[in-house]
Amino acid sequence: ITDSSKEEKIDSQEKVKLGTTYYYQVEEKEKPNKNYVNKIKKAVLKIDNMANDFFSVTELENTKFKVMEFEGKWLESFGKPEAKGVWIIYGESFHGKSSFMTQLAKYLTGFVKHKVLINSLEEGKSHSLKLNIQRAALGTVADKILLGNRQPIEAVKNRLKSRRSPEIIFTDSIQYTDLNKKTYHQLRDEFSSKLWVFISQA
């Protein structure tokens, strides 16, 4: 594999262009075995990471991101946000954070293939959570909603490693997690394709 600043060659069966700079350098005509292919795959991942460290304005402008096509009041408030990342909903106690969370969760079910997870750390499986769910009419999208009853972050992570895992995760509230700066960054990096929505007390 070769880039414009450093040459590092790895045998490959065919030339595969990666962007405008990185590519496989053909070295052998033999059919690669499984270990050979895995070696190349790891090299591709390494190059992709290198390419994302620094980028030009033109490269950014030409990059296509998966965004959610919000409409109406949601479009006015949020625009068209990317379908991954971290959001924080914060406010004083009894100012409607949980109610807004359930309304937003319902709307976001229209942008997922599998489910939206609402992990209720503060209230758990409670009457107040039931009332919020009823007010937001989450029953109409019940097949796209998964509820967590005070599930710790490790349990959520295990669930996200399974097939057909939720694409969007609400956590109510972040003060009831054991996350610190280090574990937060680890969580975000490990599940970077997910959208995390944390509820926070102001």
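**Exercises on a predicted model**

Strand 4 (residues 116–120) pairs with strand 5 in the parallel sense, over five bridges. This model is predicted. The exercises start from that pair.

**Exercise 1.** Find which residue in strand 5 stands opposite Asn 119.

*Solution.* Start with the pairing: strands 4 and 5 are joined over five bridges. Then look across from Asn 119. Gly 148 in strand 5 stands opposite.

**Exercise 2.** Work out the strand order of the open sheet and name the strands at its edges.

*Solution.* Recall how sheets form. Strands pair through backbone hydrogen bonds, either parallel or antiparallel. Here the open sheet has five strands, in the order 3-7-6-4-5, with parallel pairing. Now read the two ends of that order. Strand 3 (85–91) and strand 5 (145–149) stand at the edges. Each has a single partner strand, so one side of each has no neighbour in the sheet. Last, check the twist. From one strand to the next, it averages 15°.

**Exercise 3.** Count the helices and strands, then give their pattern along the sequence.

*Solution.* Count first: there are seven helices and seven strands. Then read along the sequence. The pattern is β-β-α-α-α-β-α-β-α-β-α-β-α-β.

Definitions and conventions. Residues are numbered from 1 along each chain as its sequence is written. This is a predicted model: local features need pLDDT of at least 70, side-chain atom pairs count only at pLDDT 80 or more; totals for chains, interfaces and linings use all residues. Side-chain values use heavy atoms; hydrogens and water are left out. Helices (H or I, at least four residues) and strands (E, at least two) are DSSP runs, numbered from the N terminus. Two strands pair if DSSP finds at least two bridges between them. Axes are lines fitted to C-alpha atoms, for helices over the stretch in contact, and angles run from 0 to 180 degrees between N-to-C directions.
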